[in-house]
Amino acid sequence: MALAAVTSALSAVQPYLSKLIIDDGLLGRNFDLLAELCAAIVALAACGFALGAVNRLLYVRVSGKILFAIREDVYAHILQLPPQFFRVRPVGDIVTRLDGDVAEIQRFSTDSVLAVVNGVLLLVFSAAIMAVMSPELTLVAACILPLHLFLRHRARRHVSESTREVRESRGVITHFLVETLGAAKAVQSAGAERWERERLGDLNQGLLRRVIRQQLVGYTLGALSSLLSHLTTAIVFIIGGWEVIHGSLTVGTLVAFTAYLARGTGSATSLMGLYTGYQRAGVSLKRVQELRDAEPMRARRGGVRVLAARSGPIRFEDVRFRYPDSERDLLENLTLNIAAGSKVVLFGESGVGKSTLVDLLRGFAQPSSGRIVLDDVDLADYDLQSVRRRIPVLETDPALFRASIFDNIRYGYFDAPAERVRDMGRKAGVEAFALSLPQGYATELGSRGVGLSTGQRQRIAVARALLSSPFALVLDEATSNLDVAAVHAMHDLIDQHLGARTRIVITHSPATVPRADRVLELRDGRIVERERVRAYA
Ligand SMILES: Nc1ncnc2c1ncn2[C@@H]1O[C@H](COP(=O)(O)OP(=O)(O)OP(=O)(O)O)[C@@H](O)[C@H]1O
Ligand SMILES: [Mg+2]
């Protein structure tokens, strides 16, 4: 701020020097003074540039830090949000806010806040010098100012609205790209390439219309402002010129006055332009704030207990659950006891609530009444993170990250000793294929585990689960992509290494699960005990 003040003061002196050059140097026929004044102009300008550079550097660094902090803070917050949030909010929308909107805020704050300080100071300096040189001309110029303000005020709603519309359109397009490119194979399988391309075309058209509207609003505002500025200059020349012709004002003063006027109105216009920028950044700030305002997941009571690294009994006591936007209970007075170390098969019609049951068990959703008890302690008394880490879920399509096979195994357990990670890899059968790859365990996987078969990816997920010393392991249709032999191989593997741990196997074909202790059906929101099916020897 101090540097900006000095820079503005330096640049405000310049026109006054030109007044001295004209009145005392030229008209006063004093060449030495003229030369000195010219040297002073150059020296002041050089100082101004140097200070400006230092100031800009400092400013960008500080504002960059602040803005990256915003992005990291919002990102960290989003990672704490419940599945519900991601269900209703397309990922493209989140990306646009985190990327485009945060960048918009950054652009505004880096470019504009400094410009505001400079603009205000320059305006104040110019106005002060102008008032000293010619109070009546200053008054004339000041009369136009309210017109400017009125204009900006009238445009306010259009600016915010057009900006919000553009941002939303961008969000929709990002989501479209994320969704269709993420499922490129499905698009190709359906032969829908042309359809999708046309859809993108339509979305682009919509965006273009909105961008044009936004540009028109901005252009009209700028044009009207500059028209008002020209009007002011013309009036000042007419009145000031009349005074010069009649000898009540010096030529130098009129020249310097118009230079100050140009600076003053220039900074007034750019300040008002910044006001428009401020409104745009405000729209972005609001969009980012919306993400920040979403409620993170919390246990009903913030527990601190850590779930044991060995199995214990699991009890659902009279659990009732409904999704916030649903009209009926999905689970009703559900009661279920699972003994420590047993292997339980759970089946039931699609959509009956099996995966929801697992979400409840892992604290991704809270029962509306009743309670869940792990190891004789209410789930709400546990630290949620320990519950999720100790109850891993194997799903149909395990989440693998763009990292080495090694890091994918120890994901979430980054401080596990390398020997243990490799040991789990060996037990889960990862080693068998990893060592045949060019870089072994260090081989980088594509973002979605490209290059590995479903079975191989499952093995990495199993190795990760083994590494977690689970309290219980859940297989949520984990094997539905595998053939019968692979299903059995998977169960052999799990039962061999996790035979003493509780295993909950959710499947649509209970008959294919070997060595199950119990078979349960979820039906109409309750658990029904079924006969054990002996599918094979
Ligand atoms: N976050 C959510 N908000 C609202 N409703 C949801 C949510 N998640 C799931 N549902 C609904 O709850 C019901 C149960 O879903 P759930 O995924 O638990 O079924 P499921 O038994 O696992 O089915 P499937 O065998 O197909 O995997 C479904 O009707 C589903 O549409
Ligand atoms: Mg499911």
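Residues are numbered from 1 along each chain as its sequence is written, while chains are lettered from A and ligands numbered from 1 in the order in which they are written. Because the model is predicted, local features need pLDDT of at least 70 and side-chain atom pairs count only at pLDDT 80 or more, whereas totals for chains, interfaces and linings use all residues.

The mean pLDDT of the protein (the predictor's confidence in each residue, from 0 to 100) is 89, and 97% of the residues reach 70 or more. Helices (H or I, at least four residues) and strands (E, at least two) are DSSP runs, numbered from the N terminus. Where pLDDT is low, the predicted coordinates should not be read in detail.

The protein is divided into domain 1 (2-293) and domain 2 (314-530), with bounds that come from an automatic or database domain assignment. The centres of the two domains, taken over C-alpha atoms, are separated by 54 Å. Ligand 1 lies between domain 1 and domain 2, because both give residues to the shell around it. That shell holds 15 residues, of which Tyr-323, Ser-350, Lys-354, Ser-355 and Thr-356 come nearest; a residue is near a molecule or strand if its C-beta atom, placed from the backbone, lies within 6 Å of it. Helix 3 (83-88) and helix 9 (354-361) each supply at least two residues of the shell. By class, the shell has eight polar, four nonpolar and three charged residues. Here Ala, Val, Leu, Ile, Met, Phe, Trp, Tyr, Cys and Pro count as nonpolar, Asp, Glu, Lys and Arg as charged, and the others, Gly among them, as polar.

A nonpolar core is a set of buried Ala, Val, Leu, Ile, Met, Phe, Trp, Tyr and Cys residues joined through C-beta atoms within 7 Å. A residue is buried if 20 or more other C-beta atoms lie within 10 Å of its own, exposed if 12 or fewer, and partly exposed in between, with C-beta atoms placed from the backbone. The largest core has 60 residues, and Val-345, Leu-346, Ile-409, Ala-463 and Val-505 touch the most other members. Helix 14 (residues 454-467) gives the largest share of this core, seven residues. A second, separate core of 21 residues includes Met-133, Leu-249, Ala-256 and Leu-271.

Thr-138 is placed in helix 5 (residues 135-182) and counts as buried because it has 22 C-beta neighbours inside 10 Å. Leaving out residues up to four places away in sequence, Thr-138 touches Ala-127, Met-130 and Ala-131, where contact means C-beta atoms, placed from the backbone, within 7 Å. Thr-479 sits in the loop between strand 7 (472-476) and helix 15 (484-498), and its 24 C-beta neighbours inside 10 Å make it buried. With the sequence neighbours up to four places away again left out, Thr-479 touches Val-487 and Met-490.

Most residues other than glycine have a negative phi. Arg-29, in the loop between helix 1 (2-26) and helix 2 (31-78), has a positive phi of about 55 degrees although it is not a glycine. Arg-29 counts as exposed, with 9 C-beta neighbours inside 10 Å.

Notes: Contact = placed C-beta atoms within 7 Å.
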